[in-house]
Amino acid sequence: MSSQISAAPAQNSSPVDWWKYLLLAVILLVVLPLALDIFRLNLIGKYLTYAFVAIGLVLCWGCGGILSLGQGVFFGLGGYCMAMFLKLEASNPEATAIQSTPGIPDFMDWNQLTELPWFWQPFHSLSFTLLAVIAVPVIFAFIIGVAMFTRRVGGVYFAIITQAIAAILTILIIGQQGYTGGVNGITDLRTFVGWDIRTESAQYLLYFVNVALLFACLFAALYIKRCKLGRLLVAMREKEDRVRFSGYNVASFKIFVFCIGAAFAAIGGAMFTLQVGFMSPSFVGIVPSIEMVIFCAVGGRLSLLGAVYGTLLVNLAKTSFSESFPELWLFAMGALFIGVVLAFPDGLAGLYQTYIQPWFKHFINREKVGLTPPAPIPEKTTTPAKEPVASSLSSSLEESRNVPA
Amino acid sequence: MQKLNKSGLSNVLRRNILKGMMALPAAMLVSQLSLAAAMSTADVNTTGLAVTDDTVKVGILHSITGTMAISETGSVQAEMLAIEQINAMGGVLGRQIEYVQEDGASDWPTFAEKSKKLLVKDKAAAVFGCWTSASRKAVLPVFEQYNGMLYYPTFYEGLEQSPNVIYTGQEATQQIIAGIDWVTKTKDAKSFFLLGSDYIWPRTSNKIARKHIDKLGLKVVGEEYYPLGHTSFNSVINKIKLKKPDVIYAIVVGGSNVAFYKQLKAAGIDMTKEKPLVLTISVTEDEILGIGGENMQGAYAAMKYFQSLTNTNNQEFVAAFKKRWGDDIVIGDVTQAAYLGPWLWKAAVEKAGSFDIDKVRAASPNLELTTAPEGYVKVHENHHLWSKTRIGHALPNGQYEVVYETEDLIEPNPFPKGYQ
């Protein structure tokens, strides 16, 4: 565990292993679409929408040490904004002619609403919707962030509060069923600006759009992680007070990274709605929010790529276990999580760095092996000039961690 | 076991039966086999469903994990029992039914994913499943897009009529109107307090109840909703004591029931005195297991089925169910409705002489089932069942004693005029 964490800052200064991103791109864009039929590919697309949340968590939790157990809130808000737009499009007066009030979503009619509520009105507009998908969750995250971080609420307390927010929002959505569709959610979404999202060709296209957006988020996250901001986040995680005493406004960095995490989650939520065809409060609550943290933990909370692989692995396991053993699959999932945490606490990424990468190194330059135990070395060998800076930072962090808190 | 509308046999089927009978004069014993031999798979399955010369695949999609598992288990057991009985009789069109079971995990998106899997990957010829409205709403677009056939067992709020669903439970008016008529006529009820869990089914049901109560010129003195899983009902019980209604009309679901009826009893409202009388449409024998018979004693329930029905169909059904799943099992309204699913599907397939979804759909309206445990049922044009409404009086042993049943079958009316 400790060797892993101390390795992280050093990694920041090392060149990016672009081939790893290329490999992921090849897997997602070439191998899977060729190997899987559209039903399975659509499932992969659905899993990848959770990967957006996991990437955001790598930044917030892995780098910044801000554990949010309420990311489902932002996923849900993004998804609901998109679902409202699609639902309004599906509820044209012709399709809803049998209702008492044609032209409003069916669940409103069941709940005796006779006109569209004011906050639904702007969702007739596509551009407003696309804006709202990002803006609503980010503004919400900003409010939470300002309220929490400027008061220096952190750690466990922050995690509990985010959980409470997830619970509150779920209750709100379920309770206000006339406005939100309640526990059923917003279902039966058909078209996106006249384009039928349920056809196979649409699902293929949405899958590729989803992967493209995922890579955009990955690169954005990579940039943040590697610039000075990323290092400050790590420093804040390790010793918040030192960063504060160095003159940095810790709260604003935390708010920023929390908003970024929310924005990623929101994009994931909107893509989820488009690919699955409905949105329901079961993505907003505490359980899905914690599940998303588990995806991130299985992948390795410090690794952006690990988050994507972790999400895919957990969800594939979930689907295949539950298809093969409908009565026992939850036990298998439990065993998987316990196994991962016991055997490789740093997740898939940790597993890779401890076992596979040294073996790679051994393969590439044999003469170096033996001198350097597991700690990862930069891919392009020997850049001693840069080394001292990184290692001094890492050693100071190492040191600070050893001081009992 | 069941007698279908013989006159409705399609020409293809009749011709094939004749062919089979000519080939094998000892038709009584082996008629099913000859049927299979006569009806080639290419004839009975033109749309690529999972039908072979001797098997046909169907899906069972319920929650067997999560909060709904306790309610849905009975439905799974009933569907399995029906499938096993049909197989023992020779199957459907001579083909043994194989089922693929999937777990919806009490999670609506999972239901959507699994239903898609059953239709797209397994090519299920029919799916028996779903329980909550939310899960049905989640799978509905999938069934409509991939043209599957869902047999949905739960009593529900109505306001829906899909070509891809056969609703074997009651829609709201079938449970509500006869119940309220009964309580006003025989118990001289004048005022009602409506109470429910806060989601679409209780709200819609109470809306229908309120309209009907208004129509009868009676009074609703209160209407309250509580979130799913709510467990503290003391404030509403105090309100009820204050308003003194003749009837508490309760549509509380799931675990909340346990708290509600225990607290009602603790607050000194003895349901056996019927002051006020409690009439529910949401507590079946399954729920009483959790509530405890002594806490439920004296309440009335309006359902279409009670385990205590004394007709021979039901006695056979209860005996078979207990033999298969254990003696201490109880059978509620939804479990019985779930049991009808495979039988109605078999009847429709045999009437159509084909497994094709479109032909099964076309064959379904007016299909009759005389062997249903609840008695005779018939499929309406709108894909719901004609069925009777019965009033049960809760006994301390957790069973209901049937005190009233409607004379005629009640027509399903999922879009009641004047009640919306």
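Let me start with one residue, A:Val58. Leaving aside neighbours within four places in sequence, A:Val58 is in contact with A:Cys63, A:Ala221, A:Cys296, A:Arg301, A:Leu302, A:Ser303, A:Leu304 and A:Ala307. One caution before I go on: this is a predicted model.

Now the core. A:Val58 is among the residues with the most contacts inside the largest nonpolar core.

Next, the contact between the chains. Chain A puts in 28 residues, chain B 32 residues. On the chain A side, four helices each supply at least two residues: H3 (38-63), H7 (155-175), H14 (304-324) and H15 (329-343). H7(A) gives the largest share, three residues. By type, the chain A side divides into 12 nonpolar, 12 polar and four charged.

Last, a sheet in chain B. The sheet is open, with five strands in the order S2-S1-S3-S4-S5 and parallel pairing. Strands S2 (96-103) and S5 (165-167) of chain B are the edges, and each pairs on one side only. Neighbouring strands are turned by 25° against each other on average, direction ignored. Strand S4 of chain B, residues 150-152, is joined to S5(B) by three bridges. B:Tyr152 stands opposite B:Tyr167 in S5(B). Helix H5 of chain B, residues 108-121, packs on the sheet and touches S1 (55-62), S2 and S3 (127-129) of chain B. The direction of H5 makes about 180° with that of S1(B).

Methods. Residues numbered from 1 in each chain as written. Chains lettered and ligands numbered in written order. Predicted model: local features only at pLDDT ≥ 70, side-chain atom pairs only at ≥ 80, totals over all residues. Contact = placed C-beta atoms within 7 Å. Nonpolar A, V, L, I, M, F, W, Y, C, P; charged D, E, K, R; others polar. Core = buried A, V, L, I, M, F, W, Y, C linked by C-beta atoms within 7 Å. Buried ≥ 20, exposed ≤ 12 C-beta atoms within 10 Å, placed from the backbone. Pairing = 2+ DSSP bridges. Axes fitted to C-alpha atoms, helices over the stretch in contact; angles between N-to-C directions.
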